[in-house]
Amino acid sequence: MGFRRPPFSTDFIFLFPNHICLPALSKLCQKREISWLARWFPKEPAKPVVAQKTPIKLELVAGKTYRWCVCGRSKKQPFCDGSHFFQRTGLSPLKFKVQETRTVALCTCKATQRPPYCDGTHKSEQVQKAEVGSPL
């Protein structure tokens with residue numbers, strides 16, 4: 001006996017998993033408490049984590065657009081590598097463009113009041129006591 005298609009469309013179930021629950025799929029529906037949409041795009045964003053406790057000094061080129069990591073989870077600090085999306089943080093990078101080529105200190109503690117630039121917040125007791133990879 002070969003595979004038989006169910007008498008209903010399963011496309012709808014996978015696109016909108018919380019909107020239909022047939023008797024044959026009741027166990028599947030009971031396990032799925034949160035929709036895929038809510039898992040990938042949380043209502044409240046995660047808190048940024050401390051990537052490092054010192055800023056990174058770089059020469060930024062005039063006219064070039066940069067994406068500064070806001071979440072602190074990027075492996076390419078201080079810039080974004082997309083980790084915020086795959087770790088479902090609900091955060092997104094800060095895009096910015098500099099007007100003139102210059103050397104700047106970019107924040108990696110993620111607590112600056114002047115993002116993406118360092119304002120010395122990493123020297124505070126709160127940041128220095130925090131573990132790298134943990135939120136403030």
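Trainee: How many disulfides does the structure hold?
Mentor: Zero disulfides turn up (a disulfide is a pair of cysteine sulfur atoms within 2.5 Å). This is a predicted model, where local features need pLDDT of at least 70, side-chain atom pairs count only at pLDDT 80 or more, and totals for chains, interfaces and linings use all residues. Residues are numbered from 1 along each chain as its sequence is written, and side-chain values use heavy atoms, leaving out hydrogens and water.

Trainee: Is C69 buried or exposed?
Mentor: C69 is buried, at 1% relative accessible area. Buried means under 20%, exposed over 50%, and partly exposed in between, with a 1.4 Å probe and protein chains only. C80 is buried too, at 14%.

Trainee: New topic. How many salt bridges are there?
Mentor: A search of the whole structure finds one. A salt bridge is a side-chain nitrogen of Lys or Arg within 4 Å of a carboxyl oxygen of Asp or Glu.

Trainee: Which residues make the salt bridge?
Mentor: E125 and K129, at 2.8 Å from N to O. Both residues are exposed.

Trainee: Which peptide bond from Q77 is cis?
Mentor: The one to P78, with omega near 5°. The bond from P115 to P116 is cis as well, with omega near 5°.

Trainee: What about phi of K110?
Mentor: Phi is near 65°, a positive value in a residue other than glycine. K110 counts as buried, at 11% relative accessibility.
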